[in-house]
Amino acid sequence: MQKLNLNQVLSQKLSPQQIQFIKLLQVPTAELEARVEEELEINPALEEGKEENGEQQEEVLQDNYEEDNKDDKDINLDDYLTDDYGGYKMQGDGNYSPDDEDREMPLSSGTSLHEQLLSQLSFLRMDEHQKVIGRQLIGSIESDGYIRRDLEAIINDLAFSQNIETDLDEVEEVLRKIQNFDPAGIAARSLQECLIIQLERKEHQEDEIVQKALQVLSDCFEEFTKKHYEKILKRCSLEEEDLKEVINMITKLNPKPGGGSDGLMRTQYIIPDFILNTVNGKFEISLNSRNAPELRVSRSYSEMFEAYEKSDKKDKKLKDTVSFVKQKLDAAKWFIDAIKQRQQTLLKTMHAILDYQSEFFVEGDETKLKPMILKDIAEKIDMDISTVSRVANSKAIQTEFGVYPLKYFFSEGISTDGGEDVSNREVKSVLQKMVDNEDKRKPLSDDKLVKLLNEKGYNIARRTVAKYREQLQIPVARLRKEL
């Protein structure tokens with residue numbers, strides 16, 4: 001038997017305005033520009049440009065509205081005839097002019113790696129059967145330039161998808177031709193083969209050092225990767241000076257001929273969201289002028305209300321039109337509000353970071369960074385940690401010492417013998433200097449690094465040193481060994 005129950009539940013939900021603000025807060029400047037352009041396209045009530053005679057227009061519309069307000073109970077026009085949203089300049093600095101910099105941003109363009117290889121394939125004198133095999137091989141090349149699929153699997157793909165019958169010898173013959181393409185080392189099946197291909201394409205193959213390098217890679221590749229130089233000297237009958245030249249030549253080769261990208265040649269531009277200047281010994285933070293253009297509510301939409309006031313308000317079609325305009329004005333005003341709130345939050349958070357890390361911003365010395373986590377800034381500006389996280393994510397600041405991502409200033413602390421907390425970035429900086437100044441013939445082990453750091457007053461465990469070393473992309477001591 002069905003029963004009807006009434007329950008009272010307390011829940012928390014985000015309003016559309018809050019959702020819009022959260023989405024805008026976490027995007028960087030470059031994406032914000034695209035988001036503003038998108039909003040301008042879909043919302044005709046929002047337009048770009050300065051306000052012209054906005055106050056006078058608003059006063060006239062306000063007077064017309066007050067005279068007939070009693071006859072209209074369905075649509076409240078008061079919120080749309082005030083001058084709060086007639087025009088709003090979305091810049092951190094009120095003195096900014098749109099003429100100060102170009103609106104357009106240059107973007108790089110290029111062809112993909114596969115397109116380059118297919119272009120080179122078209123110049124070879126091959127029949128259509130071989131070209132199909134060549135295209136299949138090029139399609140199997142990964143972003144770093146290697147072919148890791150087994151050739152037998154590629155032969156099966158040709159048979160099932162292209163209805164091409166071939167054998168291993170023919171595929172290897174076509175593969176060798178592709179390996180002569182640019183960039184050198186492309187289409188290799190292993191690092192060893194990639195390096196050998198590059199050496200074989202040296203202009204002076206008769207060079208004695210090239211021949212010795214080929215011998216080392218062919219006969220002692222495993223020993224070379226593990227830096228067992230004594231074994232290489234004995235097996236290849238080399239002098240120590242010759243081995244130094246061989247190592248120098250091999251290390252200059254490209255281990256990733258494809259570039260390690262997704263196949264496209266791209267240039268990524270870092271656009272700082274904040275600009276920090278020092279004026280008369282004081283810091284001044286401003287938002288990047290590209291954060292948003294000047295936005296305002298469309299004047300033509302305001303004029304629609306004036307026409308509505310003079311018309312027959314019982315006309316259903318006209319009423320529907322005004323309802324549509326009301327929705328668009330809502331969206332326009334919410335968007336302008338969200339942009340304004342975004343900029344206020346960004347500046348508030350950045351000022352807090354600046355106060356917290358003021359010593360670093362004075363000298364740009366990494367060792368001056370204090371331990372700082374998201375919670376520290378959240379408590380300082382009285383906001384939620386998630387809000388600070390959205391600001392810190394994918395944002396950057398331009399300083400006199402370079403451009404830094406905001407994440408750079410957040411780090412955990414490590415205790416010293418003096419009872420003070422120092423940033424783990426300071427410890428990493430000291431660790432990096434130790435490795436840079438070590439004797440490359442006898443690199444420092446992790447245990448030795450721990451002892452040296454403890455002598456400097458940093459209370460740190462071996463596993464923490466190993467973690468920091470990996471984060472700094474420093475190999476283990478055995479792989480840092482040099483002759």
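Helix α11 spans residues 229–236, and its buried residues are Tyr229, Ile232, Leu233 and Cys236. Here, buried means under 20% relative accessible area, exposed means over 50%, and partly exposed lies in between, with a 1.4 Å probe and protein chains only. Helices (H or I, at least four residues) and strands (E, at least two) are DSSP runs, numbered from the N terminus. An α-helix has 3.6 residues a turn, so residues three or four places apart point the same way. On the other side of α11, Lys231 and Lys234 are exposed.

The structure is a predicted model, in which local features need pLDDT of at least 70 and side-chain atom pairs count only at pLDDT 80 or more, while totals for chains, interfaces and linings use all residues. Residues are numbered from 1 along each chain as its sequence is written, and side-chain values use heavy atoms, leaving out hydrogens and water.

The cover over the buried residues of α11 includes α9 (208–219), α10 (221–225) and α12 (240–251), where contact means heavy atoms within 4.5 Å. After α11 comes serine 237, with a positive phi near 55 degrees.

If a disulfide is a pair of cysteine sulfur atoms within 2.5 Å, the count comes to 0 disulfides. Cysteine 236 is in no disulfide, and the nearest cysteine sulfur, that of cysteine 220, is 3.4 Å away.

Helix α19 (residues 446–455) has the buried residues Asp446, Leu449, Val450 and Leu453. They cover an arc of only 105 degrees around the axis, and therefore lie on the same side of α19. The face turned away from that buried side carries the exposed residues Lys451 and Glu455. The buried residues of α19 pack against α18 (424–436) and α20 (462–471). Glycine 457, which follows α19, has a positive phi near 100 degrees.

The strands remain to be described. Four of them form an open sheet in the order β4-β3-β6-β7, with mixed pairing; two strands pair if DSSP finds at least two bridges between them. The edge strands, each pairing on one side only, are β4 (282–287) and β7 (402–405). Within the sheet, β3 (residues 274–279) and β6 (residues 396–399) run parallel and are joined by 2 bridges. Isoleucine 275 stands opposite glutamine 398 in β6.

How values were computed. Arc of directions from axis to C-beta.
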